[in-house]
Amino acid sequence: EAKPFVTQASQTLGNYILDPSFEIAATTLSNWNLIPTTGTISRFATSAKYGTAVAKMVLTAGTVVQRMDQEHNNKFASGDTLSLSAWVQLVALSSGVGATLGLRERNSGGVFIADTSATLTATGTAWVQMKLEGVVIGAAATGTIMVFLDHTSTNPTGTGTILWDGIGLWK
(Lines give C-alpha, C1' and ligand atoms only; values in the text may rest on other atoms or scores of the structure.)
Protein backbone atom coordinates (compact mmCIF):
# COMPACT_ATOMS: atom_id res chain seq x y z
CA GLU A 1 0.00 0.00 0.00
CA ALA A 2 1.44 3.34 -1.06
CA LYS A 3 0.71 6.05 1.47
CA PRO A 4 0.43 9.61 0.16
CA PHE A 5 2.30 12.44 1.81
CA VAL A 6 -0.87 14.06 3.07
CA THR A 7 0.48 17.48 3.97
CA GLN A 8 1.93 18.40 0.58
CA ALA A 9 0.25 20.91 -1.73
CA SER A 10 1.62 19.28 -4.86
CA GLN A 11 2.62 15.90 -6.20
CA THR A 12 4.89 13.69 -4.12
CA LEU A 13 6.50 10.38 -5.07
CA GLY A 14 5.01 10.78 -8.51
CA ASN A 15 1.48 11.38 -7.22
CA TYR A 16 -0.05 13.90 -9.61
CA ILE A 17 -3.03 14.71 -7.36
CA LEU A 18 -2.88 18.09 -5.67
CA ASP A 19 -3.68 17.92 -1.92
CA PRO A 20 -4.47 14.17 -2.08
CA SER A 21 -5.75 13.93 1.50
CA PHE A 22 -7.41 17.34 1.79
CA GLU A 23 -5.01 18.48 4.52
CA ILE A 24 -4.40 22.02 3.34
CA ALA A 25 -7.19 23.83 5.19
CA ALA A 26 -6.58 27.16 3.49
CA THR A 27 -7.48 25.69 0.10
CA THR A 28 -10.84 24.27 1.20
CA LEU A 29 -10.95 21.89 -1.79
CA SER A 30 -9.78 24.66 -4.14
CA ASN A 31 -7.67 22.13 -6.09
CA TRP A 32 -10.90 20.37 -7.11
CA ASN A 33 -13.82 21.38 -9.34
CA LEU A 34 -17.02 20.77 -7.35
CA ILE A 35 -20.27 19.90 -9.09
CA PRO A 36 -23.05 19.42 -6.54
CA THR A 37 -26.62 19.53 -7.81
CA THR A 38 -28.12 19.18 -4.35
CA GLY A 39 -26.49 18.06 -1.14
CA THR A 40 -23.02 19.26 -0.19
CA ILE A 41 -19.34 18.65 -0.89
CA SER A 42 -16.97 19.94 1.77
CA ARG A 43 -13.69 19.45 3.57
CA PHE A 44 -14.41 17.55 6.79
CA ALA A 45 -11.77 17.54 9.53
CA THR A 46 -12.45 14.21 11.19
CA SER A 47 -12.66 10.47 10.46
CA ALA A 48 -9.63 10.53 8.15
CA LYS A 49 -7.76 7.52 6.79
CA TYR A 50 -4.63 9.71 6.50
CA GLY A 51 -3.98 12.95 8.35
CA THR A 52 -6.92 14.82 9.83
CA ALA A 53 -9.28 15.68 6.95
CA VAL A 54 -11.34 14.14 4.15
CA ALA A 55 -13.62 15.26 1.34
CA LYS A 56 -17.20 14.66 2.40
CA MET A 57 -20.11 14.26 -0.04
CA VAL A 58 -23.62 14.31 1.39
CA LEU A 59 -26.26 13.18 -1.09
CA THR A 60 -29.85 14.30 -0.58
CA ALA A 61 -32.99 12.93 -2.22
CA GLY A 62 -33.33 13.99 -5.84
CA THR A 63 -29.59 14.20 -6.56
CA VAL A 64 -28.43 12.30 -9.62
CA VAL A 65 -24.70 12.96 -9.25
CA GLN A 66 -22.21 14.95 -7.21
CA ARG A 67 -18.72 15.22 -8.64
CA MET A 68 -15.27 16.38 -7.64
CA ASP A 69 -12.77 16.44 -10.46
CA GLN A 70 -9.20 17.53 -11.09
CA GLU A 71 -7.73 17.98 -14.58
CA HIS A 72 -4.11 17.24 -15.39
CA ASN A 73 -3.00 18.87 -18.65
CA ASN A 74 0.06 17.99 -20.72
CA LYS A 75 1.50 15.61 -18.13
CA PHE A 76 0.75 12.40 -19.99
CA ALA A 77 1.33 11.05 -23.48
CA SER A 78 -0.26 8.40 -25.66
CA GLY A 79 0.82 4.99 -24.40
CA ASP A 80 1.49 6.09 -20.80
CA THR A 81 0.13 3.67 -18.23
CA LEU A 82 -1.65 5.20 -15.23
CA SER A 83 -2.95 3.91 -11.92
CA LEU A 84 -5.52 5.70 -9.76
CA SER A 85 -6.52 4.85 -6.22
CA ALA A 86 -8.63 6.36 -3.47
CA TRP A 87 -9.72 5.40 0.01
CA VAL A 88 -13.47 5.64 0.49
CA GLN A 89 -15.89 5.17 3.36
CA LEU A 90 -19.58 4.79 2.52
CA VAL A 91 -21.94 5.80 5.32
CA ALA A 92 -25.63 4.81 5.40
CA LEU A 93 -26.26 4.73 1.66
CA SER A 94 -29.72 4.08 0.26
CA SER A 95 -30.23 1.35 -2.31
CA GLY A 96 -28.94 2.45 -5.73
CA VAL A 97 -26.40 4.92 -4.32
CA GLY A 98 -22.65 4.49 -4.73
CA ALA A 99 -19.17 5.96 -5.06
CA THR A 100 -17.42 6.06 -8.43
CA LEU A 101 -13.69 6.61 -8.99
CA GLY A 102 -12.66 7.36 -12.55
CA LEU A 103 -10.28 8.63 -15.23
CA ARG A 104 -11.30 10.40 -18.43
CA GLU A 105 -9.18 11.21 -21.48
CA ARG A 106 -9.76 14.28 -23.63
CA ASN A 107 -8.91 14.70 -27.33
CA SER A 108 -7.55 17.85 -29.01
CA GLY A 109 -11.10 19.13 -29.51
CA GLY A 110 -11.79 18.95 -25.79
CA VAL A 111 -14.15 15.97 -26.13
CA PHE A 112 -13.84 13.11 -23.65
CA ILE A 113 -12.90 10.03 -25.62
CA ALA A 114 -12.35 7.36 -22.97
CA ASP A 115 -13.76 6.75 -19.54
CA THR A 116 -12.47 4.15 -17.08
CA SER A 117 -14.21 3.84 -13.73
CA ALA A 118 -15.15 1.60 -10.83
CA THR A 119 -18.18 1.89 -8.53
CA LEU A 120 -18.62 0.77 -4.94
CA THR A 121 -22.04 0.45 -3.25
CA ALA A 122 -21.44 -1.53 -0.03
CA THR A 123 -22.07 0.52 3.11
CA GLY A 124 -19.81 0.14 6.11
CA THR A 125 -17.68 1.89 8.68
CA ALA A 126 -14.35 0.59 7.33
CA TRP A 127 -12.19 2.41 4.81
CA VAL A 128 -12.01 0.57 1.46
CA GLN A 129 -9.41 1.20 -1.23
CA MET A 130 -10.73 1.62 -4.76
CA LYS A 131 -8.24 1.15 -7.62
CA LEU A 132 -7.91 1.52 -11.36
CA GLU A 133 -4.63 -0.03 -12.42
CA GLY A 134 -2.87 -0.31 -15.78
CA VAL A 135 -4.99 2.26 -17.66
CA VAL A 136 -3.21 2.96 -20.96
CA ILE A 137 -3.65 6.42 -22.47
CA GLY A 138 -5.09 6.14 -25.98
CA ALA A 139 -3.56 7.38 -29.21
CA ALA A 140 -6.18 10.12 -29.67
CA ALA A 141 -5.68 11.69 -26.23
CA THR A 142 -3.83 15.00 -26.00
CA GLY A 143 -2.43 14.30 -22.55
CA THR A 144 -5.37 15.86 -20.69
CA ILE A 145 -6.66 13.52 -18.03
CA MET A 146 -9.54 14.17 -15.64
CA VAL A 147 -9.66 12.34 -12.32
CA PHE A 148 -13.17 12.24 -10.90
CA LEU A 149 -14.83 11.19 -7.66
CA ASP A 150 -18.59 10.75 -8.03
CA HIS A 151 -21.47 10.17 -5.67
CA THR A 152 -24.12 8.67 -7.92
CA SER A 153 -27.70 7.54 -7.51
CA THR A 154 -30.15 5.58 -9.63
CA ASN A 155 -32.68 5.98 -6.82
CA PRO A 156 -34.65 9.29 -6.93
CA THR A 157 -35.02 9.23 -3.15
CA GLY A 158 -31.46 8.00 -2.50
CA THR A 159 -29.38 9.53 0.29
CA GLY A 160 -26.06 8.89 1.99
CA THR A 161 -22.59 10.17 2.83
CA ILE A 162 -19.28 9.33 1.19
CA LEU A 163 -15.88 10.19 2.66
CA TRP A 164 -12.83 10.31 0.31
CA ASP A 165 -9.15 10.31 1.34
CA GLY A 166 -5.67 9.45 0.04
CA ILE A 167 -6.31 10.02 -3.67
CA GLY A 168 -3.38 8.97 -5.86
CA LEU A 169 -2.60 9.15 -9.58
CA TRP A 170 0.67 7.60 -10.75
CA LYS A 171 2.45 7.06 -14.06
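Guide: Happy to. A cavity here is a set of points, on a 1 Å grid over the protein atoms alone, where a 1.4 Å probe fits but cannot get out. Grid points are joined across faces, edges and corners, and a volume is the space filled by probe spheres set on the points. Please keep in mind that this is a predicted model, in which local features need pLDDT of at least 70 and side-chain atom pairs count only at pLDDT 80 or more, while totals for chains, interfaces and linings use all residues. Residues are numbered from 1 along each chain as its sequence is written, and side-chain values use heavy atoms, with hydrogens and water left out.

With that rule, the count is one cavity of 30 Å³ or more, and the volume of the largest cavity is about 30 Å³. Its lining, meaning residues with an atom within 4 Å of a grid point, is made of L103, R104, E105, A114, D115, T116, V135, I137 and I145. The elements that contribute two or more residues to this lining are β6 and β7 (112–120). Strands such as these are DSSP runs of E with at least two residues, and helices are runs of H or I with at least four, numbered from the N terminus. By class, the lining divides into five nonpolar residues, one polar and three charged. In that scheme, Ala, Val, Leu, Ile, Met, Phe, Trp, Tyr, Cys and Pro are nonpolar, Asp, Glu, Lys and Arg are charged, and the others, Gly among them, are polar.

Now for the packing. In soluble globular proteins, nonpolar side chains tend to be buried together. A nonpolar core is a set of buried Ala, Val, Leu, Ile, Met, Phe, Trp, Tyr and Cys residues joined through side-chain atoms within 4.5 Å. Buried means under 20% relative accessible area, exposed over 50%, and partly exposed in between, with a 1.4 Å probe and protein chains only. The largest nonpolar core has 32 residues, and the members that touch the most others are M68, W164, I167 and L169. At least two residues of this core come from each of β3 (54–59), β5 (81–91), β6 (97–106), β8 (128–136), β9 (144–153) and β10 (160–170). The biggest contribution is from β5, with five residues.

L169 shows what such a position looks like in detail. A contact means heavy atoms within 4.5 Å. Beyond its neighbours within four places in sequence, L169 is in contact with G14, N15, Y16, I17, H72, F76, L82, S83, L84, L103 and V147. One of those partners, L103, is also part of the cavity lining.

There is a second, separate core of five residues, with Y50, V54, W87 and W127 among them. V54 sits in strand β3 and counts as buried because its relative accessibility is 0%. Not counting residues up to four places away in sequence, V54 touches F22, S42, R43, F44, T46, S47, A48, W127, L163, W164 and D165.

F22, another partner of V54, lies in the segment before β1. F22 is buried, because its relative accessible area is 1%, and it has a positive phi of about 55° although it is not a glycine. D19 is found in the segment before β1 (33–35) as well. It has a positive phi of about 50°, again without being a glycine, and it is buried, with a relative accessible area of 3%.

For contrast, S108 is in the loop between β6 and β7. S108 is exposed, because its relative accessible area is 71%. Setting aside neighbours within four places in sequence, its contacts are A140 and T142.

Stepping back, the chain has zero helices and 10 strands. Its radius of gyration, taken over C-alpha atoms, is 15 Å, close to the 16 Å that the globule rule gives for 171 residues, so the chain is as compact as a globular protein of that length. That rule is 2.2 Å times the number of residues to the power 0.38. Buried residues make up 46% of the 171 residues. Of the contacts with a separation of 6 or more, 73% join residues 24 or more positions apart.

Notes. On a 1 Å grid over the protein atoms alone, a cavity is a set of points where a 1.4 Å probe fits but cannot get out, and a pocket is an open set with protein on both sides within 12 Å along at least five of seven lines; lining residues have an atom within 4 Å of a point.
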